[in-house]
Amino acid sequence: MTTASIPAASGRGRQPTKLRRAVRRNVTAYGFLCGALICFAFFSWYPMVREVILSFQRTNFVDPPRWVGLENFRTVINDPAFGPAWVNTAVFTLLALLCGYGIPFVTAIVLNELRHARAYLRFVVYLPVMLPPAVSVLLFQWFYNPDYGLFNQALGLVHLPGLQWLNSTSTALISLVIVSTWMNMGSGTLIYLAALQTIPSELYEAAELDGAGLFKRIRHVTIPQTKLILLVMLLLQIVATMQVFIEPYLLTGGGPENATVSVVYLMYQYAFNFGNLNAGNALGLMLMIVLMVFSAIYLRVSRDNTV
Amino acid sequence: MTDVTVMPDSPAGTPAAPARDDRRGQRRPRKPMNTQFRTAVSPHQLNTTRGRIIYWIVLTIVVVSFTAAFVFPLYWMVTGAMKSTEELNSIPPTFLPSHFSLDGYLEAWDLLDLGTLLGNTALYAGGAWLLTLAVDVSAAYALSKLRPALGKVVLALMLSTLMIPPMVIMLPAYLTVKEVPIFGWNLLNTPWAIWLPAAANGFNVFLLKRFFDSIPRELLEAAEIDGASPGRILWSVVIPISRPILGVVSILTVVNVWRDFVWPLLVLPDSDKMSVSIGIASLSSQMPQNVLVASLVIASIPTIVVFFLFQRHIMAGLTAGSLKG
């Protein structure tokens, strides 16, 4: 305001128009933004805040909500399914990482070497990704049938005894991992393949001149060159697989004997079967905190390396 | 010296002779592959007799195992739906249905009312597509080109939603849909329950904004001097040049809505409002096996068709999504 007095004599006419233009620009901009702001506010930002609030409340949607401190957390922690849910989720994540992370990378390396049928193989490996997950899961439910399922019939052809698949505590979780890997590995494979194709061929040539064999070349050229994408995918996979829900929901209902209960599945059950939405929220909040750590690392890594 | 002589002949034609010829004959010109593309296996190794034998063995194994793992289940599904329930349960299994009949498909269509379910899903996907484009494109345009005060904060808040996995906030989001704050609307069983949350997609805004950032300023300034309003500039200048990224966002949105399971499960409980995945899943236990399998085939046809048509865009979206996410 004080500085404005100096150019005031010459620029009195210009000063307000500049301001007015800035105001108008902002009004137009927020006009364009308002749709997104409303959608984000109601369906992303507010639910995020409300997740935290509901976890510490007791609500029955008739009386005003009551603050109950950590009671919801106590409820879920004392649930006999609480331990299994976290252990299963962790084991599922680990196994899904071993399969869903290792297999696509190896597959991509092999595909990258092939000179024939590349388009076919790329197409085929991505095919399951395009199926609705519910379709893949129900398809495998049929394959897993111990009496007439495809898998046991195939085992029978080579004279091996059939498995119980989803019905036995020892194989149920593995069965879920198999479905999950089958339906998701296509995207990982193609992403790795794209990354492999950006590796400059001089590096391989140089390694070859230095006398590096095939495996050394993979170890000292391929892996370091794709390190970033491997790290990013690792974090993405962890976040994605820890949210496993549809497989236990459709295939096992968490059974047998809680062998396939996952955290999100238990959360869903609290809200929609046990009628305790607040406890479900408390569980969701715990998972959110765990996953946010991985998400934060992921965002950090990908931002540092792309901008 | 040696590498000078070795290098030019490796791309020139000696290595992996059958492979190279084959590639040259391909319809699609694959950019640098012919001359520069080389991988961990050296062309020389590949060209030896031993190398070639190994190559063909590996190729055969890969093609056979991929076909078995990814095509055969689909074949089994499509033909399984043509078999009778007794034939489906028979041991040993039959590779071809004993007599072809489409009864399974017809029965699935009627019993599950698949027409309604598919129609619902198309409505959800189509509406989500339009709304997402309208909302996210204008938001990205405002943030990229109009640059309002606090624009950076708004963008950061939108991107921060990427850190929160959707599953963990599904309960409060469900409550929001059940009773929208301030307005008090109940959106359960309405398409808005799918459309509005789909539009709140931080990743789309990010992709679009990054693309808009690359549009040269001079282009927009020229239009501005010609007297075009910001809306006009968006419609006549920005959108036409952004078709590639709009294609990617469109496909991602439609496919995501079509594939989604959990969210429609929560917000569309009425059986005549369900999406196709939920409808099939909720009735799966009461269906004869062949009818269920037929309905699975029908439910996956739309996404497979989309995949056939837009393969290239989907792959582009995939790499855009992961490499730069």
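Where chain A and chain B meet in this predicted model, the contact draws on 101 residues of chain A and 116 residues of chain B. The size of an interface is often given as the accessible area lost when the parts come together. Here the area buried between the two chains is about 9,900 Å², and carbon and sulfur atoms give 76% of it. On the side of chain B that touches chain A, the residues divide into 81 nonpolar, 26 polar and nine charged. Between the chains there are 16 residue pairs in polar contact, counting pairs with both residues at pLDDT 80 or more, while the number of salt bridges across this interface is zero.

Let us turn to chain B by itself. Its secondary structure comes to 17 helices and zero strands. Of its 325 residues, 50% count as buried. Among contacts between residues at least 6 apart in sequence, 70% join residues at least 24 apart. The accessible surface of chain B is about 15,600 Å², with 67% belonging to carbon and sulfur atoms.

B:Ser295 counts as buried because its relative accessibility is 0%, and buried means under 20%. Leaving aside residues up to four places away in sequence, B:Ser295 touches B:Ala108, B:Leu112, B:Leu114 and B:Ile280.

Among the buried residues of H13(A) are A:Tyr265, A:Tyr268, A:Gln269 and A:Tyr270.

Now for the salt bridges: how many does a search of the whole structure find over all chains? The search finds three. One joins B:Lys209 to B:Asp213, with the closest N and O atoms 2.9 Å apart. Both residues lie in helix H11 (residues 202-213) of chain B, four residues apart, about one turn of the helix. B:Lys209 counts as buried at 17% relative accessibility, whereas B:Asp213 is partly exposed at 34%.

Another salt bridge pairs B:Glu221 with B:Arg217 at 3.7 Å, N to O. These two are about one helical turn apart, because they sit four residues from each other in helix H12 (residues 217-225) of chain B. An α-helix has 3.6 residues a turn, so residues three or four places apart point the same way. B:Glu221 is partly exposed at 38% relative accessibility, and B:Arg217 is partly exposed at 39%.

There is also a salt bridge between B:Lys273 and B:Asp272, at 4.0 Å from N to O. B:Lys273 is partly exposed, with a relative accessible area of 29%, and B:Asp272 is partly exposed at 45%.

Note on methods. Residues numbered from 1 in each chain as written. Chains lettered and ligands numbered in written order. Predicted model: local features only at pLDDT ≥ 70, side-chain atom pairs only at ≥ 80, totals over all residues. Heavy atoms only, no water. Contact = heavy atoms within 4.5 Å. Buried area = accessible area lost by both parts, 1.4 Å probe. Salt bridge = Lys/Arg side-chain N within 4 Å of Asp/Glu carboxyl O. Polar contact = N/O pair within 3.5 Å; in protein donor to acceptor, adjacent residues only side chain to side chain. Nonpolar A, V, L, I, M, F, W, Y, C, P; charged D, E, K, R; others polar. Buried < 20%, exposed > 50% of the residue type's maximum accessible area, 1.4 Å probe, protein only. Areas by Shrake-Rupley, 256 points an atom, 1.4 Å probe, with all protein chains shown as cover.
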